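Please read the following note alongside the sequence and the model.

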Amino acid sequence: MNLHNWLEIAWPVRWSALILAVLVCIFPFLGMVYLVFGNSPAQPWVTRTVIVVCFVVWFYKTRPYKLQGVKWTRFDSAMLLFFVFALVGYLRVDGTSNILLYFTVLNLLPYLIGRFTPAEEQDSAFVYIALFALLALVFFTVSLPELFYQWESMPWLQHPILYGKVSTVGGMDVVMGSLSILATGLILFTSIVKNYRTLFVGLLSVIAATTSLSLLISSRSVVFAMIAVILSMMVLPWRRADNVNKLWIIAAIIAGVALAYITAPENTKRFYGQWDVADLVKAAELQGVPHGYGYGEVDPTNSAAVRLVLWARAWENIKNNPVLGIGARSWSYKDPHPHNVIIESALLFGLPSAMALVIFFLFLMNCVLRNFPKMLAQNQAVTVSIVFLLLFYLILNMTQSQLGSFRSLPLFLLSGFAVACLSSLLQKQRGDLFND
């Protein structure tokens, strides 16, 4: 990526890239609009219309049937195996149900959209996603927060329309958090940012701000995923010159934590208090996992402990139906999903489907590790950042998401996009695709 031509990357509009970015980020923004203007029976139809328009525009502008150089990879084989098991799971229950439609529209088609992103538009998709994430950061800053109202004593910071309206419900905090991953990817490629001191400081500020805001709104999954992915990126074999920037990234994270504590110390203490180790121990040692609604002796407000109970409950069912699972089903508040797409896949479609997903992500990360020196030499910041952005969404989908939902859409969309980026890169390097 060349910073001199960022404007040319973003404009004129690259439609495939824009649609990809919109589908990754749009649902939280729609949720914000609904919160501002109130509930309406038309809201589901607005959401469906947006999705249909995105698909139609993408198909018309991209014309995937005319794309050249898109070849089958072993990544596609692993994902195909997952989709086959999933479709069997849906058809076993009711092939005409809405849950099959949701899975097709929110998981299957997004993978194909990401996979067929033209090579010449991949940098543009990176820029568009970053712009949406930056917008989410701005919205959170002017409306923060929906729960604790830290800005009540400072009315000049209260936006007249958005204050108290932007909610973590819908995933706005996830979109905001994704910005820190993209910023880290650029910072670690020192050769890209070394001549742009203002940009460098701005990227560090983004990491500090997203860390601070995520703590202020008690978005534990986002904080955990951000820190885990940033640390994972930092352990890659970077050049010695790049290692200096690791210290700056760590300093930005520390600054974000400090800012959150200074701004709202009681809220920050409440955030850490939600990690009740005693409840986690109870959940881990729970005998006779309760079925249906309720979590035994575990405090239902401790989301980490509740997830352990849900995973244990799911595992009991997986052991009884290991090959094809229990079949697709609709979840409810009194019958919650496992909050982990890998475990949910094993539960609904069988262990082979979950293994296919695991193999897909392991293949992907192994490909990055094997080819990282070449990516580093060629300044492939976009490819590296997108793969780790995918890892960010994978961690989130293993703590709070479900299949066939808007929360898992970015996971499958970015899965296809990551394969497309790696395919384009390695085709240039050796002319074949991962099959050596």
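**Note on the predicted model**

1. In this predicted model, the axes of helix α10 (residues 220-234) and helix α17 (residues 381-397) come within 9 Å and cross at roughly 145 degrees. Axes are lines fitted to C-alpha atoms over the stretch in contact, with angles from 0 to 180 degrees between N-to-C directions. Helices are DSSP runs (H or I, at least four residues), and strands are E runs of at least two, numbered from the N terminus.

2. Contact here means heavy atoms within 4.5 Å. On the α10 side, the residues involved include Phe224, Val229 and Met233; α17 contributes Phe388, Leu391, Phe392, Ile395 and Leu396. This contact comprises twelve nonpolar residues, two polar and no charged. Ala, Val, Leu, Ile, Met, Phe, Trp, Tyr, Cys and Pro count as nonpolar, Asp, Glu, Lys and Arg as charged, and the others, Gly among them, as polar.

3. The chain has 18 helices and zero strands. Of its 436 residues, 54% are buried (under 20% relative accessible area, 1.4 Å probe, protein chains only).

4. The mean pLDDT, the predictor's confidence in each residue from 0 to 100, is 78 for the chain. Residues 156-166 stay under 50, with 32 contacts beyond four places in sequence. Residues 287-293 are also below 50. Where pLDDT is low, the predicted coordinates should not be read in detail.

5. Residues are numbered from 1 along each chain as its sequence is written, and side-chain values use heavy atoms, leaving out hydrogens and water. As this is a predicted model, local features need pLDDT of at least 70 and side-chain atom pairs 80 or more, whereas totals for chains, interfaces and linings use all residues.

How values were computed. Buried means under 20% relative accessible area, exposed over 50%, partly exposed in between (1.4 Å probe, protein chains only).
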